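Please read this note alongside the model. It takes up strand pairing and then a helix contact.

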Amino acid sequence: MGEVGGMEKSAGKDDLILALNSGSSSLKFGVYSCGASDEEPLLTGNADGIGQSNGSFHIRSADGTSLVKRASVHESQSHALGVLAVAMSEHLSRTPVAVGHRVVHGGPHLRSHQFITPQVLGQLRSATHFAPLHIPQALTLIAAAQSIFPSAAQFACFDDAFHQTIPEVASHFALPQRYFDAGILRYGFHGISYESLVHHFGATLPERAIFAHLGNGASLCALRNGKSIDTTMGLTPTGGIPMGTRSGDLDPGILLYLLRNEKLDADKLEDLLNHQSGLSGLSSGASDVKMLEERARSNDPKARLALDVFALSVRKMIGAYMALLGGADLLVFTGGIGEHSDCIRSKATEGLERLGLTPDKIRIVPAREEQQIARHCRKMMTNNCP
């Protein structure tokens, strides 16, 4: 048999793949087998509120039936994975042959989905400065998965891989060339989510499409013929439109002001931009859109401002991408906010029908990142499953 990165192919139709999608305080997961035409979920679920006192743990069967649902305190994603492994042993007769990890950022040298080797781990460690909030967490979870599932192949699926098709005119920042050569460029993220949307539409995906992944982290992507040609996030997932607790793009002069006048060091500045800004900063502490909508209905001006700033930022980017593409044949909303907030979708598309974006061109499609990770893993191991 052939080999993939030094790993012998071994996944067949009946073998299981565990997909892990780690967030800042959550762990989404799915266990998949190879169906007639696609990866089919046997178990899906999530551990939420990781590191908090109000955590929860939920596992659903293939038909969506709740198998496990309880309050559960998890110290870390690794601890949640241990709880998941025990639950898997109680509901499945087989262990996974592969574990796929969503890795947000791999730096300039890791831009494609791949089998995890000691060399890949070394490259990830050396790229920590590109994503200090994400890479250490990914390394810790990978180590935990290797310990819990020692016989399983481990794969890294990079969130920025989808955006390698962005042309230089969109990937360059207006800085001296030496910074681009050092890896300071537009990487873009939410790529696994966007890949899943491309897979969902298949041959029906039109030439000009705009995808909006709106959740606690949020971004938009312009696609031509199914390929990313621009996206709002840049060097890190902090950039682009405002998000739940992240600032999005700012005038660089603001950062200089904070450094000089507020005397913030790098760590405090990072905490401000990633954990105290966005919807939370605008509303004085709330980042949950459902809660903000309730407050706005009660005439809370800060909540209304936060929602309006967020929606306006999305609308401006939709308009910009329509200009870039020469129009839009399709706009897709996904992510927790994109799927569930009528308010945000309405505000974000208000007036765009005058530019040709009519309601029949707008779709809502649930994110399927875990399933997309499973597709990549099986493809890297074998060609048995479509």
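1. Two strands pair if DSSP finds at least two bridges between them. Strands (E, at least two residues) and helices (H or I, at least four) are DSSP runs, numbered from the N terminus. Strand 3 (residues 17-22) and strand 8 are parallel and joined by 4 bridges. Leu20 has His101 in strand 8 as its bridge partner.

2. The model is predicted: local features need pLDDT of at least 70, side-chain atom pairs count only at pLDDT 80 or more, and totals for chains, interfaces and linings use all residues. Residues are numbered from 1 along each chain as its sequence is written, and side-chain values use heavy atoms, with hydrogens and water left out.

3. Strand 8 also pairs with strand 10 (residues 153-158), in the parallel sense, over 6 bridges. Here Arg102 is partnered by Cys157 in strand 10.

4. How many residues of strand 8 (residues 98-103) are buried? The count is 6 of 6 (buried: under 20% relative accessible area, 1.4 Å probe, protein chains only). One side carries Ala98, Gly100 and Arg102; the other carries Val99, His101 and Val103. Both faces are covered.

5. Helix 10 (residues 289-297) and helix 11 (residues 301-325) have axes that come within 8 Å and cross at roughly 130°.

6. In the helix contact (heavy atoms within 4.5 Å), Val289, Leu292, Glu293, Arg295 and Ala296 of helix 10 meet Lys302, Ala303, Arg304, Ala306 and Leu307 of helix 11. By class, this contact has 6 nonpolar, no polar and 4 charged residues (Ala, Val and Leu count among the nonpolar, Glu, Lys and Arg among the charged).

Methods
Axes fitted to C-alpha atoms, helices over the stretch in contact; angles between N-to-C directions. Buried < 20%, exposed > 50% of the residue type's maximum accessible area, 1.4 Å probe, protein only.
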